[in-house]
Amino acid sequence: IGEALDIKERADALIAFIESSEKTLNALRAKITHRPKVYLAQGVDGLQSQCGKDEPSDLVSQIGGVNVLSCEELGKMEHISSINFEFLLKKDPDIIFVREIGLYQDILQNPTRDWQNLRAVREKKVYYAPSTPSNWLMKPPSIMQILGVPWAFSRVHPELLSQKEIDSLIFDFFEQFLQPLDSANYERIFGHGERYKARGQ
C-alpha cells in the first residue's frame, strides 16, 4: 500500500512501529506466570462475545489471558457467540473488556445486580475497549489493534507493562500516524474510565 500510494516512508515507519511493539510483547509474554480469565463483552447487553482457541494467534492469548469462552466447549466456531448471565457467572472472569461505551458507563456508574455479582466488576477490572478512530481490540479487525493488543496486555499484566510505558506507546503512535493527543482527547478515547497521566510522570 505504501508503494502504491507513494507513501512508502510512512508505511515503513508503521511497519517498524509494529515490529518494535511485537518484539516487546513477545519478550513480556515469555515472563507470564499466570494467565487471568478474560471476557470480551460485545453487544449492547454485553452478552455476545468471541470464543477463544488454545493457540498463540488467539486474541486473548496474545494479551496474556485465557478466554473464558472456549470454542470447543461451546461446540461452535462462529465469530460471535451469545450467552446468558448464568453461564457468565459460572465463568466469573477476572477481567472484562467492554465493546460498547454505553454499557461500559452503566457498569461503572450503576451496574445491575447481575453485573455486580461478577468478580471483575467488584474488583474494578472492567475496561472500555476504545474505538477511536476505529476498533482497538475486538472484531472487526482494525489497524488500531496495533495499539489495542499492547494496551490490553497492560491491563491484564500491569506488572509487566506499566501505565507509563503504554501511555508512551499510545502518544507516540498518535503523534507519528494520526495527530498529537492532549489530556481531554486521551480521556475521551478511554470513555473517561481511566485517569489521564501526563507523559513523563
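**Helix α8 and its surroundings**

User: What makes the span of α8 close to the expected one?

Analyst: α8 has 12 residues and reaches 16 Å from its first C-alpha to its last, close to the 16 Å expected at 1.5 Å a residue. The expected span is 1.5 Å times one less than the number of residues. Helices here are DSSP runs (H or I, at least four residues), and strands are runs of E with at least two, numbered from the N terminus. This is a predicted model, where local features need pLDDT of at least 70, side-chain atom pairs count only at pLDDT 80 or more, and totals for chains, interfaces and linings use all residues. Residues are numbered from 1 along each chain as its sequence is written, and side-chain values use heavy atoms, leaving out hydrogens and water.

User: Why is serine 142 called buried?

Analyst: Buried means under 20% relative accessible area, exposed over 50%, partly exposed in between (1.4 Å probe, protein chains only). Serine 142 has 17%, so it is buried. This serine lies in the loop between β6 (126–128) and α8 (145–156).

User: How do you know what serine 142 touches?

Analyst: Contact means heavy atoms within 4.5 Å. Not counting residues up to four places away in sequence, serine 142 touches Ser134 and Asn135.

User: Why is α8 described as largely enclosed?

Analyst: 11 of its 12 residues are buried, so α8 is largely enclosed by the rest of the structure. Among the buried ones are Trp151 and Phe153. The elements covering them include α1 (8–29), β6 and α9 (163–177).
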